[in-house]
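This briefing goes through a metal site, a set of aromatic contacts and a pocket. The entry is shown first.

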Amino acid sequence: MRIGYGFDSHEFQAGIPLKIGGIVLARDKGLGGHSDGDVLLHALTDALLGAVAAPDIGALFPPSDAKWKDADSVIFVREALKRVRDAGYSVANVDACLILAAPKIGPHAPAIRARVAELLDLDADCVGLKAKTPEGLNLDDAAVAHVVVLLEKTAKKPRRRRQTS
Ligand SMILES: [Zn+2]
């Protein structure tokens with residue numbers, strides 16, 4: 001088995017859509033920065049990559065490359081999942097914690113969990129999601145995500161049959 005951990009944070013900016021976990025949420029501010037600013041999918045990508053000791057999201061998809069400006073972060077998750085599978089692992093479960101002042105995540109949690117589960121080809125009960133407000137952290141203008149993933153070694157390929165003469 002392998003464990004992976006990812007962390008990300010983005011600052012809220014006016015006038016851009018808010019995407020968290022691949023879902024667009026209603027708010028007058030979105031998350032700026034790299035690609036579409038999907039803080040949860042970025043932390044998930046790094047957790048998957050870290051579990052197989054692959055280069056991190058910033059190395060694979062550098063923010064300096066205009067190609068990734070406004071990119072859909074689903075692309076990053078798909079690449080990370082491919083690397084997990086190529087390394088001979090499958091995802092067992094995911095647990096995530098979001099820290100943000102607004103909007104309230106509770107009403108959107110089932111949709112976010114279902115979307116993340118779909119991206120990873122998991123059942124929704126294999127995706128945990130908690131949301132906290134940043135009490136005492138002075139972080140009202142940012143969203144933070146922590147994600148852990150557990151990977152299981154997939155069945156080994158059958159050994160090549162020995163040649164018989
Ligand atoms: Zn990010």
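The notes below are grouped by topic.

The model is predicted. Its zinc ion has three protein donors, D8, H10 and H42. The structure also holds three aromatic pairs, and its largest pocket has a volume of about 170 Å³.

**Zinc site**

**Aromatic contacts**
- Of the three aromatic pairs, one joins F61 and W68; this pair is edge-to-face because the planes stand at 90°, with the ring centres 4.9 Å apart.
- W68 also pairs with F76, again edge-to-face, at 5.7 Å centre to centre and 75° between the planes.
- F61, W68 and F76 together make up one aromatic cluster.
- F61 has a relative accessibility of 5%, so it counts as buried.
- W68 is buried too, at a relative accessible area of 12%.
- F76 counts as buried because its relative accessibility is 0%, the cut-off being under 20%.

**Charge over a ring**
- R27 places its charged end over the ring of F12, 4.3 Å from the ring centre.

**Largest pocket**
- The lining consists of Q13, I16, P17, K19, L31, G32, G33, S35, D36, K69 and D70.
- By class, the lining residues are three nonpolar, four polar and four charged.

Methods. Residues numbered from 1 in each chain as written. Predicted model: local features only at pLDDT ≥ 70, side-chain atom pairs only at ≥ 80, totals over all residues. Heavy atoms only, no water. 1 Å grid on protein atoms, 1.4 Å probe; cavity = no way out; pocket = protein on both sides within 12 Å on 5 of 7 lines; lining within 4 Å. Points joined across faces, edges and corners; volume = space filled by probe spheres on them. Nonpolar A, V, L, I, M, F, W, Y, C, P; charged D, E, K, R; others polar. Donors = N, O, S within 2.8 Å, 3.2 Å for Na, K, Ca; no water. Phe/Tyr/Trp six-rings, centres within 6.5 Å; stacked < 30°, edge-to-face > 60°. Buried < 20%, exposed > 50% of the residue type's maximum accessible area, 1.4 Å probe, protein only. Lys NZ or Arg CZ within 6 Å of the ring centre and 35° of its normal.
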